Amino acid sequence: MPVKNAMTAEFLRSAFGGESMAHMRYLVWAETAEKEGKLNVARLFRAVSQAEWVHAKGHFRVLGGDIADMAVTAGAVFGLRSTAENLEGAAMGEDHEVDQMYPAYIAVAEAQGEKEAVRTFSFALAAEKQHAELFRKARAAVLEGRDIELEGIYVCPLCGHTVLDGAPDKCPVCGMGKDRYERF
Ligand SMILES: [Fe+2]
Ligand SMILES: [Fe+2]
């Protein structure tokens, strides 16, 4: 059932905008990482970009198809810097979602009885915590002049749960089966 309350709808549109930008930003930064020879960092950016696409799609689906004007204010990095700086910017963006944005959006959606909005915001919140940690780990490696070491990065297609080195049997956030995870 589509969202009924104006404030939850506003937050869904805002989150859709923010996730859409993060999706695109990480794809551009993946290219930069490739040019710097950090191929695993590039894979990480592509995997997380996919998770943000999953979040954007989830938020979009909960909106009921209303036509609305929406200016998205994004306190985020615009443009290219070095991969170490891009990773720092990425971690800061994820922290903002984890500390500020999603807890507030979830609280409002809960107060307004918007169960589907609570679900899609909660899926994103869980994944963004992982993203912040993964970007910090990658940044530490790049600052030491290394690429990150990883076998594969796995992204849940329903909630964007993002893990290194093998998907869990069941997604701990949404229950999706292991074979559905996308590998990067
Ligand atoms: Fe994220
Ligand atoms: Fe999941």
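1. A residue counts as buried if 20 or more other C-beta atoms lie within 10 Å of its own. In this predicted model, Ala56 has 22 other C-beta atoms within 10 Å and is therefore buried.

2. Ala56 belongs to helix α2. Leaving out residues up to four places away in sequence, Ala56 touches Phe16, Glu19, Ser20 and His23. Between Ala56 and Ile106 the separation is 50 residues in sequence and 16 Å in space, C-alpha to C-alpha.

3. The largest nonpolar core contains 52 residues, and Leu44, Phe45 and Phe121 have the most contacts inside it. At least two residues of this core come from each of α1 (6-35), α2 (39-62), α3 (83-111), α4 (115-143) and β1 (153-155). The most is given by α4, with 12 residues. In soluble globular proteins, nonpolar side chains tend to be buried together.

4. Phe121 touches Ala15, Tyr102, Tyr105, Ile106 and Ala109, again not counting residues up to four places away in sequence.

5. The three strands form an open sheet in the order β2-β1-β3, paired antiparallel. Because β2 (162-164) and β3 (182-183) stand at the edges with a single partner strand each, one side of each has no neighbour in the sheet.

6. The antiparallel strands β1 and β3 are joined by two bridges. Tyr154 has Arg183 in β3 as its bridge partner.

7. Helix α2 lies across β1, β2 and β3 and runs at about 5° to β1.

How values were computed
Residues are numbered from 1 along each chain as its sequence is written. Chains are lettered from A and ligands numbered from 1 in the order in which they are written. This is a predicted model: local features need pLDDT of at least 70, side-chain atom pairs count only at pLDDT 80 or more; totals for chains, interfaces and linings use all residues. A nonpolar core is a set of buried Ala, Val, Leu, Ile, Met, Phe, Trp, Tyr and Cys residues joined through C-beta atoms within 7 Å. A residue is buried if 20 or more other C-beta atoms lie within 10 Å of its own, exposed if 12 or fewer, and partly exposed in between; C-beta atoms are placed from the backbone. Helices (H or I, at least four residues) and strands (E, at least two) are DSSP runs, numbered from the N terminus. Two residues are in contact if their C-beta atoms, placed from the backbone, lie within 7 Å. Two strands pair if DSSP finds at least two bridges between them. Axes are lines fitted to C-alpha atoms, for helices over the stretch in contact, and angles run from 0 to 180 degrees between N-to-C directions.
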